[in-house]
Amino acid sequence: MPPQSGASAGKPEIEPGVPCLFTWEEVGLRTGNGDLKEERWLVIDRKVYDVSQFYLRHPGGPRLIRHYSGQDATDAFEAFHKDEDLVKRYLNSLLIGELAPDQPCCEPTKNEMLVKEFHELRATVKKMGLLKSRFSFFAFMFLHAFILDIASWFTIWYFGKSWMPFLLGVAMFTVGQIQYGFLQHDLGHVSVFEKLKWNRVAHFVVIGILKGGPVSLWNHMHNQHHAKPNCFRKDPDLNTHPFLFSLGKKLSLKLGKKKRKYMPYQYQHNYFALLAPLIFTIGVQLVSYRYVFQRKKWLELFNNLFYNFRVCLMYVPLMGFKSFMAYYWLARYLESGWFIWVSQMNHIPMNIDYDQNLDWFSAQLAATCNVNESLFNNWYTGHLNFQIEHHLFPTMPRHNYYKAAPLVKSLCAKHDIKYECKPMLTAFADILRTLKESGKVWHNAYYQEKNQYSEELG
């Protein structure tokens, strides 16, 4: 009996021992939208899976797998799952067929040669051992953050709360918290320990007990960002921006034509440095509480309350409640500013658009850039100055980024893809330059009809 065709609408009937064959066009119809609203398919290693029901139970969150509905998810699957063989066992029940032999290795819209050579690059990276971590490195990262955390309290305990120890304590508390943040980022990407469970437990401790944040919210947001960086409606880092900032020329033009004016975007490059950290400081707290209540993450809520109780118990007896509030929120504001400048210097100046379903390599290079390597830059950014390598290989330990960089540059040069690397101050300035440009696009679109009407009256 010949192989079954999947051309008919609806879920195919699979006969035992007879494979169902599909085309990329058929897979592309199953996005959860359009005529086949209930169906969501995706492709991993040429195998076709029906995730119409499973995506709601996906451990990485429903939105992550939903973003790849109707698309090839091979590279995303391999990037996010450290133990691929273990995870593939759970995919068997979702398997409905495979791509027909005459179908290319990737969707026809993608560069097949580039996709193949990136797969070879990933195999080389694994062979070189660049996905294996050096525990001593992360032990040092934790210890220096922990020492700073304790030193901030010791400074107030020993020297009192006058201006000099107050500011010194705030500085140490800020640095300790931001370095905890970089460490929890490593743990969230399962790049510290070889075993997944150890990463998960340590991540829960660092982000929950040492920083007071919900681990599930971080996973929910950050995995989506990595899957579809700088893509409207798919990268959550862009979801709240229209209320404060207009990012990307397409969104700015759209907001302007729709006469949306939540903020005076033509001045956003002026208020970014002051307002962004303030909103982030407050917003993170509100979003965190809302998320844990909606998802009933009671253990994470307990962790958050325990963290706040702990820091109050440590500092309030030494400096009083009002002084501690000033101490704590100033440190949080400075930490937020630090984080925003570091995280956005790699993304805001890059291409921001709707999902174009690019291949993994092209999508990450279009949305990310690097900052020059140095001991200070590596420490200050938590090695996120190697944002390109981090996005291409999310589970790679950060101390190996510099080893992978020459391989990535070589592949970029071969396919004439821009590998952008710049000084840190230039990267910071590019944030403001890009905000100014997109704000101007919004301003021109917003006032265009009004100016045309005035000219007609004149």
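Asp355 forms a salt bridge with Lys228, with the closest N and O atoms 3.2 Å apart; a salt bridge is defined as a side-chain nitrogen of Lys or Arg within 4 Å of a carboxyl oxygen of Asp or Glu. Because Asp355 lies in the loop between α13 and α14 (360–367) and Lys228 in the loop between α9 and α10 (249–257), the pair ties together parts that are 127 residues apart in sequence. Helices (H or I, at least four residues) and strands (E, at least two) are DSSP runs, numbered from the N terminus. The model is predicted, so that local features need pLDDT of at least 70 and side-chain atom pairs count only at pLDDT 80 or more, while totals for chains, interfaces and linings use all residues. Residues are numbered from 1 along each chain as its sequence is written, and side-chain values use heavy atoms, with hydrogens and water left out.

Asp355 is partly exposed, at 21% relative accessibility, whereas Lys228 is buried, with a relative accessible area of 4%. In these terms, buried means under 20% relative accessible area, exposed over 50%, and partly exposed in between (1.4 Å probe, protein chains only). Asp355 also meets Lys234 in a salt bridge, at 2.8 Å from N to O. Here too the loop between α13 and α14, which holds Asp355, is tied to the loop between α9 and α10, which holds Lys234, and the two parts are 121 residues apart in sequence. Lys234 counts as buried, at 18% relative accessibility. Elsewhere, salt bridges that share partners join Glu420, Lys422, Asp430, Arg433 and Glu437 into one network.

The count of salt bridges comes to 17. Among them is the pair of Glu335 and Lys211, whose closest N and O atoms are 2.6 Å apart. This pair links distant parts of the chain, with Glu335 in helix α13 (residues 321–344) and Lys211 in the loop between α8 (196–210) and α9 (215–227), 124 residues apart. Both Glu335 and Lys211 are buried.

Most residues other than glycine have a negative phi, and most peptide bonds are trans. Arg233, however, has a positive phi near 70°. Arg233 is placed in the loop between α9 and α10 and counts as exposed, at 63% relative accessibility. Asp416 likewise has a positive phi, of about 55°. The loop that holds Asp416 runs between α17 (401–414) and β7 (421–422), and Asp416 is exposed at 73% relative accessibility.

Strand pairing was examined next. Strand β3 (residues 41–44) and strand β4 (residues 47–50) pair in the antiparallel sense over 4 bridges, where pairing requires that DSSP finds at least two bridges between two strands. The bridge partner of Leu42 in β4 is Tyr49. The two strands β3 and β4 form a hairpin with 2 residues between them, and Asp45 in the turn has a positive phi of about 50°. In a regular strand the side chains alternate between the two faces of the sheet. In β3, Trp41 and Val43 point one way and Leu42 and Ile44 the other way, and all are buried. On β4, antiparallel pairing also occurs with strand β5 (residues 95–99), over 3 bridges. Val48 stands opposite Gly97 in β5.

Two surface patches are described. Patches are made of residues with over 30% relative accessible area and no salt bridge, like charges being joined within 9 Å and nonpolar side chains (Val, Leu, Ile, Met, Phe, Trp, Tyr) within 5 Å. Accessible areas come from the Shrake-Rupley method with a 1.4 Å probe, and for residues only the protein chains shown count as cover. Lys and Arg count as positive and Asp and Glu as negative, while His and the chain ends are not counted. The place of a charge is taken as NZ of Lys, CZ of Arg, CG of Asp or CD of Glu.

A positive patch is formed by Arg63, Arg66, Arg295 and Lys297. Arg295 lies in the loop between α11 (268–294) and α12 (298–319) and is partly exposed, at 40% relative accessibility. A nonpolar patch consists of Phe154, Trp157, Tyr158 and Phe159, with about 510 Å² of accessible area together. Phe159 belongs to helix α6 (residues 135–159) and counts as exposed, at 54% relative accessibility.
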